[in-house]
Amino acid sequence: MNIDVMTSIVEAAQSKDRIAGLTHKFYRYPARFSPHFAHAAIMAFTKPGDLVLDPYMGGGTTIVEAIAGGRRAFGSDLNQLSVFVTRVKTTFLNANDEEDVWDWVNRATAAMSYRTPRAWLSHIIEDPKARNLTLPIARPVKKAVAAALAEMDRITSQRAKDFARCVLLRTAQWALDGRERGSSLTEVRVRLRTFASEMLWSLKDLRSTCRTHTPDMPNCTVMEINAAHLHKMPMFSTGAVKADLVVTSPPYPGVHVLYHRWQIKGRRETPAPYWITGCNDGQGASYYNFGDRHGVGIEKYFSVSLDTLSSVRQLVRDGGKIVQMIAFSDPDTQLPLYLANMRIAGFEELSLAGGNHNRIWRDVPSRKWHAALKGRTHSSREVVLVHEAV
Ligand SMILES: C[S@@+](CC[C@H](N)C(=O)[O-])C[C@H]1O[C@@H](n2cnc3c(N)ncnc32)[C@H](O)[C@@H]1O
């Protein structure tokens with residue numbers, strides 16, 4: 001592989017720029033990677049019209065970058081929240097939808113009041129997915145969210161409703177997740193309005209970027225599915241559809257990320273994102289980290305990882321590339337195991353001229369999601385791997 005290609009991807013992966021642009025700020029999905037990284041990989045290995053796949057798409061960074069670059073995109077994840085967020089980030093709204101969203105913002109902000117009787121909202125507030133919002137900093141936000149949810153009935157289209165839920169999701173994440181200090185109702189109202197405006201604008205920005213490639217709607221599919229089963233899907237099982245490139249970031253061995261909960265004051269975990277988006281919850285943390293009901297043992301991790309990689313291989317054309325960002329809590333033992341899985345699944349690592357893999361690592365500091373480790377690992381090392389389907 002050309003050193004310039006590798007350098008451009010690694011530099012983009014290490015970008016310290018704040019995540020911004022297009023619809024990337026709709027939700028802070030845990031362990032998301034930089035859009036610059038996805039963009040660099042897509043530009044290096046595909047041309048317009050090619051199919052880009054992300055089988056563990058999380059917040060959908062790859063999918064947004066793929067359609068913005070005029071590529072076809074297929075994204076999947078077993079977390080319904082990931083599918084919800086990525087779908088909203090890639091679904092355009094018409095003028096009626098936008099009007100409905102603004103009417104909802106006006107009704108919702110008016111209803112976010114200490115005077116709104118709790119009894120009116122009890123059917124929403126008593127949802128089990130609204131649990132653990134009992135600390136004093138969370139209580140007013142919980143009532144404000146319930147009031148905004150109650151006002152959603154009059155939005156006509158499903159896509160506008162989902163967009164409104166995503167605005168509320170972002171507002172509530174800002175007000176609750178990892179916060180030490182409470183937010184007043186006035187602050188929540190202002191944020192809801194600001195985020196709605198910014199997100200509507202971002203969606204238009206993405207639409208005009210896509211239109212520089214084609215006037216048609218982008219060819220983009222997102223779905224909830226375990227990556228280990230992807231090859232059984234009708235569109236892929238016949239072999240007629242093949243991806244040209246995979247850009248992805250799997251769960252990390254030995255690094256337990258809390259994909260499905262917010263933390264209030266670094267302690268209370270809440271499934272509130274599922275309450276707000278109407279998604280199904282009910283899986284334990286290990287489900288999202290290549291584990292099972294009993295947790296994420298390293299052996300279990302590598303057996304699930306192999307199942308998913310083998311399935312993904314069947315979706316990629318021979319010669320197609322897979323670019324991954326992955327972190328390891330113990331790279332010396334885990335990287336060789338991961339590379340062995342890649343070989344068994346049918347991927348060969350691309351070396352730079354001279355046969356040198358020259359992998360570039362960076363330390364991942366104790367991020368917010370590491371706070372959930374509860375004594376497991378407090379730092380990890382991240383690397384970019386580039387393989388070819390053979
Ligand atoms: C590191 S995150 C991906 C973040 C993403 N690159 C972004 O920018 O937002 C890994 C994702 O893998 C998903 N996942 C875990 N096990 C999976 C499986 N067996 N099949 C599909 N997705 C899975 C998790 O739900 C999580 O969303």
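Analyst: This is a predicted model, where local features need pLDDT of at least 70, side-chain atom pairs count only at pLDDT 80 or more, and totals for chains, interfaces and linings use all residues. Residues are numbered from 1 along each chain as its sequence is written, and side-chain values use heavy atoms, with hydrogens and water left out.

User: At what angle do helix α3 and helix α9 pack, and what is that arrangement called?

Analyst: Helices (H or I, at least four residues) are DSSP runs, numbered from the N terminus. Axes are lines fitted to C-alpha atoms over the stretch in contact, and angles run from 0 to 180 degrees between N-to-C directions. Angles under 35 degrees count as roughly parallel, over 145 as roughly antiparallel, 65 to 115 as roughly perpendicular and the rest as oblique. Helix α3 (residues 61-68) and helix α9 (residues 185-211) have axes 8 Å apart and pack at about 45°, so α3 is oblique to α9.

User: Which residues make the contact of α3 with α9?

Analyst: Contact means heavy atoms within 4.5 Å. Ala, Val, Leu, Ile, Met, Phe, Trp, Tyr, Cys and Pro count as nonpolar, Asp, Glu, Lys and Arg as charged, and the others, Gly among them, as polar. The contact of α3 with α9 has five nonpolar, one polar and no charged residues. They are Val64, Ile67 and Ala68 of α3, with Leu206, Thr209 and Cys210 of α9.

User: How do the residues of the contact of α8 with α9 divide by class?

Analyst: The axes of helix α8 (residues 158-176) and α9 come within 9 Å and cross at roughly 130°, so the two helices are oblique to each other. Residues that meet include Phe163 and Trp174 in α8 and Glu187 and Leu203 in α9. The division is 12 nonpolar, one polar and four charged.

User: Which residues join α2 to α3 in their contact?

Analyst: Helix α2 (residues 35-45) and α3 cross at roughly 50°, with axes that come within 9 Å. Therefore they too are oblique to each other. The contact uses Pro35, Ala38, His39 and Ile42 of α2, and Thr61, Thr62, Glu65 and Ala66 of α3.

User: Which helix gives the largest share of the lining of the second largest pocket?

Analyst: A pocket is an open set of points on a 1 Å grid over the protein atoms alone, where a 1.4 Å probe fits, with protein on both sides within 12 Å along at least five of seven lines; lining residues have an atom within 4 Å of a point. This one is lined by 36 residues, with Tyr56, Asp77, Pro251, Tyr288 and Phe290 nearest its centre. By class, the lining has 19 nonpolar, 11 polar and six charged residues. The largest share, four residues, comes from helix α12 (residues 298-313).
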